[in-house]
Amino acid sequence: MSSDLPDRQALVTHARDSIARGSKSFAMASKLFDPVIRERAWLLYAWCRKCDDIADGQDHGGTLRGVQDGQARLSTIRVLTDQALRGEATGDPAFDGFGVVMRECAIPHRYAHDLIEGFALDAREWRPRTQDDMLQYCYHVAGAVGCMMAVLMGVDPDDDATLDRACDLGLAFQLANIARDISEDEAADRCYLPQLWLAEMDIPPGEHMKPWARPQLAVLGRRLADMAAAYEDSARHGTGALPPRAAWAVLAAAGIYGDIAREVGRRGEQAWDHRVITPKSDKLRWVVRAGRQVIGRARRWPADAARADHLWTRPQG
């Protein structure tokens, strides 16, 4: 392991600033963790955010414009991630902090590689043909992060049942993202709606944001919102395996982010006129509500409840 790695506290400070800039929703939820898990969550978030920014040419998110050198950017992500996993200094605090948290929590490296495969799909301008294709993409860019977060919070890496529930929460978050960002993605020449869904609605490729297609697009927006709700509900059955404060943070994040999908479904044809957000007052209400849900969560959402057969299941091993 390289002795040139920055001081851990400096890496934590960088990560804290990164989540504050990049996601107000996750930043608020992260404050509910105990200090040790909170710092580790920040370190993991900072790496995810930096990879996303490298891939899309952004700075802590913002308008998605697309890039012309996607493969070169993907190579940078791979090289720096592999260096961090080997314990070598990368010169980038987001990657250095990532290496620290991966070692501290013994998070399986395959989840990091699975996430990078999501960036690889975008780099080659991939489009989902089927619903399962879309959900596979959701796993790569968010479900794998859910698994990493679960291990970070103390879940055994071999506890596949709980990791499936953690993956479900990542899928719920990404389905909400897809629903909310249809217009922004189209402006960057991306589309994560399955081609078969568009064909079902009689919408030709590339025409889904045309004014005449809004009624059909609203149907698909509600479908995404309903799917997100199903995965969100499934994910709650994994919270009994978490320490109370970790469960509090997860339940709050589930509600806060779930409201994005619910609002897209509620707005119908107007869902893409203005970016959907969860107001701060609603976030605070979810923090209070989640605190109440922590008590008795294992009875309300038993871990041994059968996971719905229609839900997509992450790859194992």
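Q: Why is the crossing of helix 8 and helix 11 called left-handed?
A: A crossing gets that label if the near helix is turned anticlockwise from the far one by less than a right angle (clockwise would be right-handed). The crossing of helix 8 and helix 11 is left-handed. This is a predicted model, where local features need pLDDT of at least 70, side-chain atom pairs count only at pLDDT 80 or more, and totals for chains, interfaces and linings use all residues. Residues are numbered from 1 along each chain as its sequence is written, and side-chain values use heavy atoms, leaving out hydrogens and water.

Q: What makes helix 8 and helix 11 roughly antiparallel?
A: Their axes (lines fitted to C-alpha atoms over the stretch in contact, with angles from 0 to 180 degrees between N-to-C directions) cross at roughly 160° and come within 7 Å. Angles over 145 degrees count as roughly antiparallel, so that's the label for helix 8 and helix 11.

Q: Which residues of helix 8 meet helix 11?
A: With contact meaning heavy atoms within 4.5 Å, R165, D168, L169, L171, A172, L175, A176, I178 and A179 meet a set in helix 11 that includes L224, M227 and Y231. The residues of this contact divide into 12 nonpolar, one polar and three charged.

Q: Why is A106 called exposed?
A: Exposed means over 50% relative accessible area (1.4 Å probe, protein chains only). A106 has 55%, so it is exposed. A106 is in the loop between helix 5 and helix 6, with a positive phi of about 50° although it isn't a glycine.

Q: How do you know that E125 is exposed?
A: Its relative accessible area is 57%, so E125 is exposed by that cut-off. E125 is in the loop between helix 6 and helix 7.

Definitions and conventions. Helices (H or I, at least four residues) and strands (E, at least two) are DSSP runs, numbered from the N terminus. Buried means under 20% relative accessible area, exposed over 50%, partly exposed in between (1.4 Å probe, protein chains only). Angles under 35 degrees count as roughly parallel, over 145 as roughly antiparallel, 65 to 115 as roughly perpendicular and the rest as oblique. Ala, Val, Leu, Ile, Met, Phe, Trp, Tyr, Cys and Pro count as nonpolar, Asp, Glu, Lys and Arg as charged, and the others, Gly among them, as polar.
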